[in-house]
Amino acid sequence: MKQEVMTAMETIVGCDIEMEFRELGPLTEAVVRLRMHDGTEMLAQGRANRNPDDPAQPRVGEEIAAARALNNLAHRLISKAGGDIEEVTHAKAHLVM
């Protein structure tokens, strides 16, 4: 007797993330844009402010600003997901990071 093996279908979707940096003296700003496969777009920002006594290291400012922008984006995504859940369930969603 032959046995059939059922496998779950896997769906792979993608999204696009772009990040830009702006340097204004000791201030570095990062803007991250997320485009989901359904057309949803989200923007988030992050900043790093170098102490005037510290040497200029643009890459470090970019890393800090990028981390803060991505953290901001993560919080926005969690909030959006919670709202989407609440819309369907009509109950308060409690999502944590």
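1. β1 and strand β2 (residues 27-35) are joined in the antiparallel sense over nine bridges. Strands are DSSP runs of E of at least two residues, helices are runs of H or I of at least four, and both are numbered from the N terminus; two strands count as paired if DSSP finds at least two bridges between them. The model is a predicted one, in which local features need pLDDT of at least 70 and side-chain atom pairs count only at pLDDT 80 or more, while totals for chains, interfaces and linings use all residues. Residues are numbered from 1 along each chain as its sequence is written, and side-chain values use heavy atoms, with hydrogens and water left out.

2. Leu24 stands opposite Leu27 of β2, and the bridge partner of Glu23 in β2 is Thr28.

3. β2 also pairs with β3, in the antiparallel sense and over nine bridges. Five residues lie between the two strands of this hairpin, and Gly39 in the turn has a positive phi of about 95 degrees. Across the pair, Val31 stands opposite Gln45 and Arg35 opposite Glu41.

4. Taken together, three strands form an open antiparallel sheet in the order β1-β2-β3. Its edge strands are β1 (16-24) and β3 (41-49), each of which pairs on one side only. Neighbouring strands are turned by 15 degrees against each other on average, direction ignored; axes here are lines fitted to C-alpha atoms, for helices over the stretch in contact, and angles between N-to-C directions run from 0 to 180 degrees.

5. Helix α1 (residues 58-89) lies across β1, β2 and β3 and runs at about 145 degrees to β3. β3 has a covered face made of Met42, Ala44, Gly46 and Ala48. Its uncovered face carries Glu41, Leu43, Gln45, Arg47 and Asn49.

6. Which residues make up the largest nonpolar core? The nine are Ala30, Val32, Leu34, Met42, Ala44, Ala48, Ala65, Ala69 and Leu73. β2, β3 and α1 each supply at least two residues of this core. Such a core is a set of buried Ala, Val, Leu, Ile, Met, Phe, Trp, Tyr and Cys residues joined through side-chain atoms within 4.5 Å; buried means under 20% relative accessible area, exposed over 50%, and partly exposed in between, with a 1.4 Å probe and protein chains only.

7. Leu34, one of the core residues, is in contact (heavy atoms within 4.5 Å) with Cys15, Asp16, Ile17, Thr40, Glu41, Met42, Leu73 and Leu77, leaving aside neighbours within four places in sequence.

8. Gly46 lies in strand β3 and counts as buried because its relative accessibility is 5%. Not counting residues up to four places away in sequence, Gly46 touches Thr28, Glu29, Ala30, Ala65, Arg68 and Ala69. The C-alpha atoms of Gly46 and Glu29 are separated by 5.8 Å, although these residues are 17 apart along the chain.
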